[in-house]
Amino acid sequence: MVISLFTKKLMLFIDSTNFERLLRKLSSEGELFIPVPEEETGKLHLQRVEDFPLPELVTFEGYRMVEPLKAFAQLLRYPVAEYPSPDTDELPEDKKVPAFVIVGARACDIYALELVDKVQVEGEFVDPFYKIRREKMFIIAADCTECGESCFCNLLGNGPWPERGYDLAISKVSGGFLIVAGSEQGEKIVETNGEFFAEPREGLVAARDENRQRVVKKLAENNGDYPSVDGLPELIREHLTADIWDDIAAKCVECGACTNICPTCYCFLLYDQKVDGEHFQRIASWDSCQVTGYARMAGMLNPRPRLTDRVKHRYHHKYDYLVLSHGAVYCTGCGRCIDTCSAGIDMRDAFRKVKAAVAK
Amino acid sequence: MKNPYYPIDTVVEDIITETPTIKTFVLKPAKPIPFRAGQFMQLTVPGEGEAPFTPSSSPSVKERMEITVLRTGKVTDSLHEFKPGAKVGLRGPFGKGYPLEKLEGKEVLIVGGGVGLAPLRSLIYALLENPAKYKRVSIKYGARLPDELCFRRQYEEWSKVAPNVDFTNTIDVEAPGWTGRVGLVTTLLDDLDVNIDQSIALSCGPEIMLKFVTLKLLEVGYKPIQIYLSMNRKMSCGMGKCGRCNVGHYYLCVDGPDMNYDKIKHVPNVFG
Ligand SMILES: Cc1cc2nc3c(=O)[nH]c(=O)nc-3n(C[C@H](O)[C@H](O)[C@H](O)COP(=O)(O)OP(=O)(O)OC[C@H]3O[C@@H](n4cnc5c(N)ncnc54)[C@H](O)[C@@H]3O)c2cc1C
Ligand code: SF4
Ligand code: FES
């Protein structure tokens with residue numbers, strides 16, 4: 001039996017029909033989300049499917065989704081407390097969420113979740129809402145078979161396929177997928193569905209590697225004009241001149257789209273509202289460090305009153321502060337901020353400007 | 001699983017008017033909330049929202065907690081309208097608290113301004129519980145006007161508690177009937193008689209005051225590492241999750257709110 005062959009990171013083959021069968025099985029265990037392209041642009045969105053067969057358009061090729069995966073772990077806006085309630089700070093059972101299965105997550109998004117986990121789940125306090133949703137998330141990762149114009153994971157030394165952080169990972173090959181398990185849960189799914197899997201035919205692994213190298217090459221070409229992020233934290237910290245930020249801020253329209261779409265931006269604001277009579281609700285809602293009111297205090301004191309200060313703060317937070325406090329650059333190179341910016345601001349330009357300014 | 005966003009039901013048992021704009025609220029939470037001096041709480045005014053306050057009471061008192069609040073905006077305005085019996089909520093404690101162990105055997109210099117004496121009062125309680133542990137406890141306090149001095153009823157007691165404890169205060173400008181010292185709180189640092197090598201200074205007050213106190217302390221010979229400042233940033237979660245309260249790469253709610261000046265001295269516009 002194939003199953004007995006399966007140990008961690010052992011590679012198997014699953015054909016397209018069986019993959020759909022597998023998804024169907026998984027869909028009975030949780031809400032299933034799959035990548036479906038926009039008809040005009042081909043851009044991928046995660047779409048909930050409840051009926052099979054899968055929609056005709058579904059694809060496990062291409063690159064990341066338009067929406068960041070964090071949106072599944074940390075909802076845009078959600079209640080975190082209702083009060084007063086009978087004397088308890090224990091989370092009520094009904095706050096538990098159903099399991100969900102995400103298919104087609106890319107390296108840049110999976111790594112982003114790992115980064116946000118460090119903030120929300122590690123340390124003295126744990127955000128229970130984030131933690132529960134993360135635990136309920138079953139991730140089937142996919143190799144990128146293309147990259148977008150704005151993708152720059154290579155400058156950060158990751159992508160275009162994930163090394164960890166998934167339950168199962170697929171690589172598109174002719175007739176189906178190579179598949180590996182990356183967690184015990186993933187391994188269990190493979191074991192209990194042994195009939196769907198087979199040993200990979202000769203040449204499939206080579207084909208997968210060829211595809212990967214093709215995307216690596218494309219990423220390098222697309223980003224040939226930009227420097228890598230190596231050494232950037234130190235440069236930003238020690239040499240940064242204000243002119244760079246003034247230049248960027250001059251274009252920024254302060255909409256906050258870049259932070260909202262960013263897979264590693266985790267900032268939120270708590271606010272309270274009345275439910276009825278003497279009952280109140282506390283809501284957590286995404287927030288953006290780019291808007292004026294974000295850090296404003298009583299008496300209009302504001303540590304970052306100018307847009308330049310806030311633009312600079314965004315870069316510092318990602319490439320400097322979090323390196324010191326959480327041990328990593330909080331950018332995975334997904335390029336969503338570039339796609340979304342109506343002023344055409346490109347993070348990679350900032351790297352180039354910083355490096356050029358220091359070189360001078 | 002614990003929900004750290006849930007405000008523990010709390011009753012306002014008593015309200016003490018300290019100054020025309022500052023009141024102390026005696027709070028009794030549904031269950032005791034132990035805290036270390038300098039840690040802070042998120043206080044909920046139901047429906048209005050939260051604001052961070054550092055308890056001004058003794059950390060040894062477990063059942064009750066006092067917070068001393070300057071009226072300055074939405075949440076604090078509502079609080080000031082409250083009568084005893086009102087219901088609020090508490091989350092916390094958050095942050096590190098004062099570095100009490102580092103103060104043992106030292107000449108402790110405490111410099112407060114305005115409502116900034118509130119957080120420092122819980123430190124004072126903690127120190128004065130066992131004054132012999134410290135070589136010296138010298139408290140300097142300033143407010144704008146005589147009737148803006150907080151906790152006036154306690155000054156005498158503080159100065160008399162032990163020979164190694166002293167308390168001096170000042171007001172910013174002359175006022176009718178005032179016979180004490182006049183001048184900014186920094187003038188109390190002009191002729192310091194502490195042994196600076198053996199000293200640690202801790203200060204809390206408006207940012208502008210913190211700035212001038214720090215400059216003065218450096219001028220008279222303190223090293224940055226000997227200075228702790230209670231910094232102020234907007235806060236929301238209070239526990240390093242919401243990303244709001246940076247001072248440099250520190251999250252004030254986790255690494256502070258009292259920060260060693262040596263760690264933050266390089267931060268541009270650190271005093272805002
Ligand atoms: C760690 C810490 C301890 C504090 N301890 C005390 C204390 O013991 N006594 C005291 O009088 N004041 C203290 N403050 C300041 C106090 O939190 C603010 O004055 C209060 O938040 C103002 O809220 P407001 O709704 O009345 O003002 P508004 O201007 O209406 O505030 C609007 C919102 O901004 C937030 N906010 C505004 N100003 C601040 C601020 N300075 N710091 C943090 N959040 C702010 C509030 O949470 C509020 O939701 C402390 C601040 C911090 C950060
Ligand atoms: S940034 Fe890299 S990993 Fe992310 S979608 Fe683009 S190519 Fe794939
Ligand atoms: S208040 Fe949320 S991170 Fe500090």
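**Exercise 1.** Is Cys204(B) buried or exposed?

*Solution.* Start with the cut-offs: buried means under 20% relative accessible area, exposed over 50%, and partly exposed in between (1.4 Å probe, protein chains only). Cys204(B) has 8% relative accessibility, so this residue counts as buried. By that rule Cys253(B) is buried too, because its relative accessibility is 3%.

A word on the model: it is predicted, so local features need pLDDT of at least 70 and side-chain atom pairs count only at pLDDT 80 or more, while totals for chains, interfaces and linings use all residues. Residues are numbered from 1 along each chain as its sequence is written, chains are lettered from A and ligands numbered from 1 in the order in which they are written, and side-chain values use heavy atoms, with hydrogens and water left out.

**Exercise 2.** Find how many disulfides the structure holds over all chains.

*Solution.* Look for pairs of cysteine sulfur atoms within 2.5 Å. Over all chains, the count is zero. Cys204(B) is in no disulfide: the nearest cysteine sulfur belongs to Cys150(B), 11 Å away.
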